[in-house]
Amino acid sequence: MLKKLLGLAPKLESDGSYSPSKLALKLATSDKTEYDHVSYKPYQGHRSKVLVIFTEQKNMEMQNGKLFSTGNHPVEALLPMLHLKNAGFDFDIVTPTGKPVVFEMWAFPEKDENVKAIYNEYKSRFEQPGSLQDFVSTSLSQSDDYAAVFVPGGHGAMLGIPDDVNVGKVLHWANENGLFTISLCHGPASLLATALEGKEFLYAGYNMAVFPDSVDDMTPKLGYLPGKMSLGLSKKLESLGVTLMNTKSDNTVCVDRQLITGASPQAADALGKLAASTLLDAL
């Protein structure tokens, strides 16, 4: 009762899951983003596609059995997409089986016209995405059409994506064919899929920016998460030989070989700029 009075109690949703408390939303989300429009010289070559892998799952179970209402963070998805689109790239949007993309709509910046515009432009594709399984079956021979693979963040990126052999196949395909891989916040959980089917983890020895476990461990006190998470992502990646470039949920971004990563929602704009400029320079 006291937590509810103080705005610290996570909000119970109709499906029994919990979204962040009033205080957590005030501290961690905003009606407008820090999107900074950049006038790029648009890419006009044939490698103009970016494959975007979204989660189709919503609820993450905490250690205490409570469900966190998650999905892909809209800012972490849409700000990088804005920069990549302005740089001349288009998107193939997929989820593991072709079910609709799930967004953390409680984090949507309702007063940001740029974000609203790109969301509405691709809304039909978010609602009817392609299937990653189909992509792996039919399109891996078309590497010359693609510049990058992008896995947006949000806690939902830890649901199903790291366990999906098709994600692992796509990331190995990207690495072998000179495509960049872009991700941020909890999105780098997808990289764990490269170690499925007895394969070695592809990114051992890489530098990365990733959302820190220390912040995930703290957020239940503010009612952001309804309990402690079952897996610490940054610790898992470190155990596999990754060097983390950040200790806070800040705007850190990082390029190591053909991997481009960012630390948190605060890094979404910087990651978009870095990804766009890096792809343009490389192509």
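The model is predicted, so local features need pLDDT of at least 70 and side-chain atom pairs pLDDT 80 or more, while totals for chains, interfaces and linings use all residues. Residues are numbered from 1 along each chain as its sequence is written, and side-chain values use heavy atoms, without hydrogens and water.

**Exercise 1. Compare the radius of gyration of the chain with that of a compact globule.**

Step 1. Take the radius over C-alpha atoms, and the globule rule as 2.2 Å times the number of residues to the power 0.38.
Step 2. For 283 residues the rule gives a value near 19 Å; the chain has 18 Å, so the two agree.
Step 3. Buried residues (under 20% relative accessible area, 1.4 Å probe, protein chains only) make up 53% of the chain.

**Exercise 2. Find which residues touch the most other members of the largest nonpolar core.**

Step 1. Define the core: buried Ala, Val, Leu, Ile, Met, Phe, Trp, Tyr and Cys residues joined through side-chain atoms within 4.5 Å.
Step 2. This core has 41 residues, and Leu51, Ile53, Val149, Val170, Tyr203 and Met208 touch the most other members.
Step 3. Assign elements from DSSP runs, numbered from the N terminus: helices are H or I with at least four residues, strands E with at least two. S3 (49-53), H5 (132-138), S8 (146-151), H6 (165-176) and H8 (233-239) each supply at least two core residues. H6 gives the most, with five.
Step 4. Look for another core. A second, separate one has 40 residues, including Tyr40, Val75, Tyr119 and Val215.

**Exercise 3. Describe helix H6, from its start to the residue that follows.**

Step 1. At the start, a side-chain oxygen of Asp164 comes to within 2.8 Å of the backbone nitrogen of Asn166.
Step 2. Check the length. H6 has 12 residues and reaches 16 Å from first to last C-alpha, close to the expected 16 Å. The expected span is 1.5 Å times one less than the number of residues.
Step 3. List the buried positions: Asn166, Val167, Gly168, Val170, Leu171, His172, Trp173 and Ala174.
Step 4. Find their partners. These buried residues pack against S3, H5, S8 and strand S9 (180-184), where contact means heavy atoms within 4.5 Å.
Step 5. Finish after the helix: Gly178 follows H6 and has a positive phi, near 75 degrees.

Definitions and conventions
Buried < 20%, exposed > 50% of the residue type's maximum accessible area, 1.4 Å probe, protein only. Polar contact = N/O pair within 3.5 Å; in protein donor to acceptor, adjacent residues only side chain to side chain.
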